[in-house]
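Hello,

Here is the structure we talked about passing on.

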Amino acid sequence: MGLPRLVCAFLLAACCCCPRVAGVHIQSSQTVESSGLYTLQSILKAQLVKEDKDAQFYCELNYRLPSGNHMKESREVTVPVFYPTEKVWLEVEPVGMLKEGDRVEIRCLADGNPPPHFSISKQNPSTREAEEETTNDNGVLVLEPARKEHSGRYECQGLDLDTMISLLSEPQELLVNYVSDVRVSPAAPERQEGSSLTLTCEAESSQDLEFQWLREETGQVLERGPVLQLHDLKREAGGGYRCVASVPSIPGLNRTQLVNVAIFGPPWMAFKERKVWVKENMVLNLSCEASGHPRPTISWNVNGTASEQDQDPQRVLSTLNVLVTPELLETGVECTASNDLGKNTSILFLELERKLPEPESRGVVIVAVIVCILVLAVLGAVLYFLYKKGKLPCRRSGKQEITLPPSRKSELVVEVKSDKLPEEMGLLQGSSGDKRAPGDQGEKYIDLRH
């Protein structure tokens, strides 16, 4: 067997050799061990440059055996290459149009290894001076949540600590799109029934705006545009109206403002009458709701612990805790809402709950019904079995079945039917005076025996 042949190959990117590496020197050696084994060693010496930062090196061994030529490769290694920074630049994430509320990261990048020390500055819009921003340990400026005040011109500075050379990035404009607070005028509208009302909505934004008016209670879109006109106002027109200012080109960027319209009038009750199921001697929690302008107050005709809670500027909810007594069951409870323009009343009728059977009693009834059904089923089966076996006589009107003993099976039984009416049959009855049943049709059996 011939001596192993060692070929060391070094890859730069996808190359099989390294002609681009300047000053390459390969030193090989061979040692014969006392056991007869060979030890081969190859050393590569090269002067690396910045372009070699991603180079992968490996060693290839070729040798010959009786079975043929063979080859083995070492694992690939990347050699760190240090080189000075030549350029720094800014990157912003996420990419695209930003809006208030987003999480924005401004990051400095450089082409040196190791990277330089970074700092990020923002230009003051008043003084035009660059002011350094506070970054995290990785030199990244995080804006969370982003606001319109974060918009402006940013630049990155990279300081190479080995050469003490400072480099600046190209300035980059950052725009955080926004919608300002929405203003509605008039802010607290009050109108008489039958009058008209015009509501106007205003807002500012970094982009073109669209306006919508919605009814607060239902979410129904009433108008598209900044102006909402209401004519011939009724009591039902009172309540909340919401203006929505949005940027169509940036989903999720919008602001809203709610305005309550007050219609002058006496209180209006949520219900006129209502039935409440109760148990005697229980503490009952009753509620009564009324709306109107001016805001109504609610009183009760019975003693108890009452409290009021505003649902909106014209609507109030009153709750009453009271003990159920026989007198209260007889008279019921009234709540009265009143304001400067009048009053209105609701009545709550109290009804005792009907007692349901105890679970044990209902269980006994169910078991009894099931037992009865089973007994009837067994009795019916027994009767049907006896009938099929012939042990149960079947009586029919005007007929009598004669069962012969086995020894007289050859005797003939003839049935004779009479066409005479029941009245005529009565004349033919025997002297014994026997009477037939009312349903008897005059049939009789004659036993003819040989």
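Buried here means under 20% relative accessible area, exposed means over 50%, and partly exposed is what falls in between. By that cut-off, both Cys 288 and Cys 335 are buried. Please keep in mind that this is a predicted model.

How many disulfides are there? The count comes to 3. Counting bonded cysteines along the chain, the pattern is 1-2, 3-4, 5-6. I take them in turn.

Cys 108 to Cys 156

Cys 108 is bonded to Cys 156, with an S to S distance of 1.7 Å. Are the two ends buried or exposed? Cys 108 has a relative accessible area of 6%, so it counts as buried. Cys 156 is buried too, at 0% relative accessibility.

Cys 201 to Cys 243

The sulfur atoms of Cys 201 and Cys 243 are 1.9 Å apart, and the two residues form a disulfide. Which strands does the pair link? Cys 201 belongs to strand β20 (residues 197-202), and Cys 243 to strand β24 (residues 239-246). These are distant parts of the chain, with the two cysteines 42 residues apart. The torsion about the S-S bond is about -95°, so this disulfide is left-handed. Cys 201 and Cys 243 are both buried.

Cys 288 to Cys 335

Cys 288 pairs with Cys 335, S to S 1.9 Å. Again the link spans distant parts of the chain: Cys 288 is in strand β28 (residues 283-293), Cys 335 is in strand β32 (residues 333-339), and they lie 47 residues apart. What is the handedness of the link between Cys 288 and Cys 335? With 55° about the S-S bond, it is right-handed.

Cys 59 has a relative accessible area of 27%, so it is partly exposed. Cys 372 is also partly exposed, with a relative accessible area of 46%.

In short: 3 disulfides, in the pattern 1-2, 3-4, 5-6. The link of Cys 201 and Cys 243 is left-handed, while that of Cys 288 and Cys 335 is right-handed.

Best wishes

Conventions
Residues are numbered from 1 along each chain as its sequence is written. This is a predicted model: local features need pLDDT of at least 70, side-chain atom pairs count only at pLDDT 80 or more; totals for chains, interfaces and linings use all residues. Side-chain values use heavy atoms; hydrogens and water are left out. A disulfide is a pair of cysteine sulfur atoms within 2.5 Å. Buried means under 20% relative accessible area, exposed over 50%, partly exposed in between (1.4 Å probe, protein chains only). Helices (H or I, at least four residues) and strands (E, at least two) are DSSP runs, numbered from the N terminus.
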